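Please keep the sequence and the model open while reading.

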Amino acid sequence: MVTGWLVLEDGTRFEGRLFGAGQEASGEVVCNTGVTGYQEALTDPACCGQIVVLSYPVIGNLGASLRSCESPRPYLKGLVVRQLADHRDDGPGELEWYLRGHGVVGLEEVDTRALVRHLRERGSLRGVISTSPQASVGPGVEGPRVAEVTTPWPYRIYGDGPRVVVVDCGLRLSTLRALVDRYDCDVTVVPATTGAADILDFRPDGVLISSGPGQAADLPGLVETVRSLLGRVPLFGIGLGHQLLGLALGVGTRRLKFGHRGMNHPVRELASGRILITAQNHGFALEEEGVAEAGLEVTHRSCHDGTVEGTCHPGLPVFGVDFHPQSPPGPADAAPAFERFWKLIQS
Amino acid sequence: MVFGSGPIIIGQAAEFDYAGSQACRTLREEGLRVVLLNSNPATIMTDVELADRVYLEPLSFEMAREVLRRERPEGLLPTLGGQVGLNLAVELAQAGVLDELGVELLGTPVAAIRQAEDREEFRKLLVKLGEPCPRSTAVRSIGEAADFAREAGFPLVIRPAFTLGGTGSGVARDMGELTVVVGRGLSQSPVGQCLVEEYLEGWKEIEFEVIRDGRDNCVAVCGMENLDPMGIHTGDSVVVAPCQTLSDWQYQALRAAAFRIVRGLGLEGGCNVQFAVRDGEYRVIEVNPRVSRSSALASKATGYPIAAVATRIALGYALDEIAGSVTGSGAGFEPVLDYVVVKIPRWPFDKFAGADRRLGTQMKATGEVMGIDRTFEGALLKAVRSLELEGPGLFRPELSAWTDEELREVLCRPDDRRLFALAEACRRRWPGDGLAALTGIDPHFIRRLQVLARLAREVSTGRPLQDADLLRRAKRAGFSDRELGFLAGVDAERVEEARLALGLRPVYKVVDSFAGEFEAGAPFYYSTYEAEDELPAPGGPSVLVVGSGPIRIGQGIEFDYCSVHAAWALREAGVRSLVINNNPETVSTDYLTSDQLFFEPVTREEVLELVRRQSPRGVLVQFGGQTAINLAPELARAGVSVLGTDPAGIDLAEDRERFEELLGRLGLARPPGRAVRSPAAAARAAAELGYPVVVRPSYVLGGRAMQVVHDAADLRAILEQVDWRRPVLVDRFVWGREVEVDAIADGEQVLVLGILEHVEGTGVHSGDSISVYPPQGLDAPIRGRLVEITTGLALALGIRGLVNVQYVLAGGEVLVLEANPRASRTVPLLSKVTGVAAVRAATRVALGQTLKSMGLPHGLWPEPPYVAVKVPVFSWIKLPGVDSGLGPEMKSTGEALGLDFSFEGALARGMEAAGWRLPRPGGTVAFSVADRDKPEALGLAREYAEAGFGLAATGGTAAVLRAAGLEVRQYRKLSEGSPNLVEGLEQGELELVVNTLTRGRQPWSDGFRIRRAAVERGLPCFTSLDTARAVLAAVRGRDQGHREPRALQDYLGRFAAAT
């Protein structure tokens, strides 16, 4: 057992024990409060480059399974937990093997609650996992990461329903599952670099812009693509995709002090007044003022902090949400968002 | 109008006081007038501070209707009083009473309740919703059940409709068993209906606590996983929250299903949905359309106040309109945990040696404990410590002596020792896969136990006192100093020294419902061995109230009542109240009760750590029953200031040898006896004193191991079980009347709250006796003498706070049995009927005030013009194999109160509230009594005959009655064939059986079988002639009729006017 440290850019240190692959990793430190679904959280491409802290203390209890993967591999840099609960008598358990296989550095036995509370106070911070408590957090270059996670080539899932092009900015498999299993959509997934004309060449009934890592402002090419699609085809953005929609419509984005990451964030659906419990994994949101100026209609707000969580355009077939309406992982409360997309592309 | 749930029985404990008190408080916050009906005097909810009108009356249809007529409430809240309250509300609604009186049923509509409760209706709904449920059918006869079994096969589980805690449930593996279980179930269901269904043996059992409001918002407050698979009642299962072995997709499927069902039913408020899960499949087991034991657990596990929220929903609020959290979401959120919670049931088998301790679909636990820590291991070990079993912890020494075969037997056929057997098997390095297969317990949990076993082995073979890393790891895993000491073969104090030398101290973390994501204000803490401490620096003087732990026989909800009042009194006195307790059902573990709640085991280690950390002015141990008072000497030794009665005074009262000396000094008499320290000395003492003798070890609660012994052979048998580290007292058994007195002393003056007279004579534990206040058969000189002795004793013991003294009146003499330097079981009851806030006064005395400064008098508090009768409630039906005969060992689980202006009336109300079935006029009463009781029984039989009852009796008793000219129907002894009493009971020929215990323990069989036959038929069977006489008085009281309900406030008003 090697003692390891998580050192944050403000100098705070958290002691633990290293597991997984290697001994050093750095990145933005984010917290995920999901009680279930640790593997789904780890394999969300939106975690690309991050050090993820899981606030639920017992992790690894279910090992690692293909069914719980949201993408072909974990993209995170580091994982920080209170207890890695999958050690076997004869050595590491499935989860540890999985992380080792994908070069993820793990730190266990950490007072993760203290870490979560610290991040809550200080906001988003960069950090490094290291064997040395004196390790310093290198200069942060938080570039765009979509290129790392997007599919290198287009692929198609045949179906009898409407034709949907999914722009893969860091797509979660569950998003695809929602389109295919429930609505039998004929889906083509394209790389994030695909231009608007190429997308329209597929003659889609609708385009879904997926969630993914980083902030939309770093992705001017994608914003341009989305802007070109506005009004020409129904658009549905999730997470990063929603923020891209916003930017395309001239709405700025802002970094949340403490990102929304977890399995049960309550969101109010403003039209009905109902509360939806949703899975979320986003560190950015649309700016309040911009939304109003652009004439977007707010459809959802976080019950916790009032953040804009969903908007739609009054004149165009365009809408987006910051939470994950697909389920599982996460609750099915927000599934009607897909219903809405489906209705939009049917007409 | 709010209904409570009545007396505490197995399957229905303090959780409904927690729910009901929350409801009452919430309603009053809304500015509403609250009318409450509940017969349980030991509850917080029946305090006049909680409801505007408190009716301590039986929870019967007639009584409820009368209360509604008198009070004309606008609405009725049906879903917070457990199954009892719910059934009553449904009955009233269906009889048209609510419509007639214009009372609105709040929350879930009655049709939805019916649909959720009626198995067949519920199944139809599930089919409609496409939800999978076990193959099942509702039957009204054994024949119908057999037809279904031929079609569906075995095993089958049988559940009677409309019963609580799974009463009458059972598993049938063949036709023979089916006949028995269905037969019993049909007789126990109030509607004569049973559900027979496919038995999902070995499936995981998962529960969801769901809340839905009138706008169709749903939230899942908590998902909980039973460690024990299907087949063991969830009340008897170790339960873990949150679910540990479900993947997110499994969890979401169940959550979504729970929502579909709750919406399909149209429930509004809190409810509980149970599932069976295996791999990717699930089955819906049942829905409780009300707040339940599980919701109390979920509330404590998450910090989400389910009952308060459900109450507001019933009033029409939407979830987000209810202030429930620190964020803008109101109560419309799902708590996020960053810790693990483990609940372990507390079973009564330590008290019932003969009971069948195997666990199944019928609940047997009397209470439960909860442990919170950051890992499953830590939470489990805390919960184990909280059980207050003998021994050091999870790894139990007595199990190491078991053979592998014995171990395997308990693992396969679970009883209360299975968890410990599993730990032992892990210690023996049995392979995990095999254990999982043997027990049906998920491999994840077994791996966690293996981790603990490995650590335990390391501690036993290593040197934890010297090896800092090992000690640190062991403490982090959750082992107590005591268990580490036991494993390492050293004193717990040595471990503590080593630990403190290393600076290894726990930190306190907050239970905040948001996993630290938002700043939460709840002052609700648990300890753990980690880095960051969240406990704010102590501000201002504080006092720690030591709670009473799990509800068990002998230590019930009364002590929680006292702890809660102590916390309130501290607050009133401007002192910060800290409470340490571990019972998730109770009001004391509601974080609103105190300024800081510490959800911890109530042991020396945890209390001391807390005292070191918080430096309270002192610790109150007199309100938490024997759990708290037993800590007094150790705390005092550790230099903790024990407020109230000095630990030296406590020891003086508790150590019977020293107590006897004191009595001698005061010139007081007690039954002659000796303190002995060996079996030989005990035998000598008994011979000198003359049999029968009472044998009792020191420091007991509920008279554990206390027995009346009739001869030397019996004595030898009993002494084998005794712990000889403390002296054992052998007393002459004195026939007489028992009386107990509760008093408050401040060191100078003594206020005697009241004298309670027991209906049953000596030999029946005070907790099992019917008690009457004010006493009906004591003349003024005797009362004066009792007050005088109590006063003298309280002063001599240096009591500062509450004291309870038990007496025997024999031959005009007053003998002292014992003095308990703490709040007693009867304090809540006396507080209520006298209007004296006894616990508040005692707390103030402990803080240094005098009775005089509070304006309280000394001497006997004036006795009211009405009569209060406390009637014990037993849970025999839940405990097959337990003898319902009463003795010096306490057996009752709860109590009900009867209040009236006459003794007979109060008795009748009390017995009705306690659920005793009184014989109907013209019915037959059977007598089968020991020789020594025959003369007295004759007189009683004559009274019954004169009251119009038929008489029946066995051999000798019949002869005596007949000789006296009474007409008797004769039954044979069981060994003599038909017709015998058991057959008479089974054929419904008898209404009541009086069966006194024959001496010793030899001929248990006959009496035992008669008593069990009565219990199983739901018929009263009394082993004391005194009880039988009281029943006759109650029958008269009942037949005098005219039983209008009266609110406690009216009684007290009448009392105040009279004095």
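What percentage of the 347 residues in chain A do buried residues make up? In this predicted model, buried residues account for 60% of the 347 residues in chain A.

**Overall fold of chain A**
- Chain A contains ten helices and 20 strands, and its radius of gyration is 20 Å, close to the 20 Å that the globule rule gives for 347 residues, so the chain is as compact as a globular protein of that length.
- If one takes the contacts in chain A between residues at least 6 apart in sequence, 73% of them join residues at least 24 apart.

**Two domains and the contact between them**
- Chain A is divided into domain 1, covering residues 3-130, and domain 2, covering residues 146-346, and the C-alpha centres of these two domains lie 27 Å apart.
- The contact between them takes 23 residues from domain 1 of chain A and 21 residues from domain 2 of chain A.
- On the side of domain 1 that touches domain 2, the elements of chain A that give two or more residues are β3 (25-32) and α3 (112-122), with β3(A) providing the largest share, three residues.
- By residue class, that side of domain 1 of chain A divides into ten nonpolar, nine polar and four charged residues.

**Contact between chain A and chain B**
- Between the two chains, 41 residues of chain B are in contact with 39 residues of chain A.
- On the side of chain B that touches chain A, the elements giving two or more residues are α9 (248-265) and α17 (443-461) of chain B, and the largest share, six residues, comes from α9(B).
- The residues on this side of chain B comprise 16 nonpolar, 13 polar and twelve charged.

**Helix α7 of chain A**
- In helix α7 of chain A, which runs through residues 220-229, the residues A:L222, A:T225, A:V226 and A:L229 are buried; they cover an arc of only 95° around the axis, which puts them on the same side of α7(A).
- An α-helix has 3.6 residues a turn, so residues three or four places apart point the same way.
- The buried residues of α7(A) are covered by elements of chain A including α6 (196-201), β13 (206-209), β14 (235-238) and α8 (240-248).
- After α7(A) comes A:G231, whose phi is positive, near 80°.

Key
Residues numbered from 1 in each chain as written. Chains lettered and ligands numbered in written order. Predicted model: local features only at pLDDT ≥ 70, side-chain atom pairs only at ≥ 80, totals over all residues. Buried ≥ 20, exposed ≤ 12 C-beta atoms within 10 Å, placed from the backbone. Helix = DSSP H or I, 4+ residues; strand = E, 2+ residues; numbered from the N terminus. Arc of directions from axis to C-beta. Contact = placed C-beta atoms within 7 Å. Rg over C-alpha atoms; globule rule 2.2 N^0.38 Å. Domains from an automatic or database assignment. Nonpolar A, V, L, I, M, F, W, Y, C, P; charged D, E, K, R; others polar.
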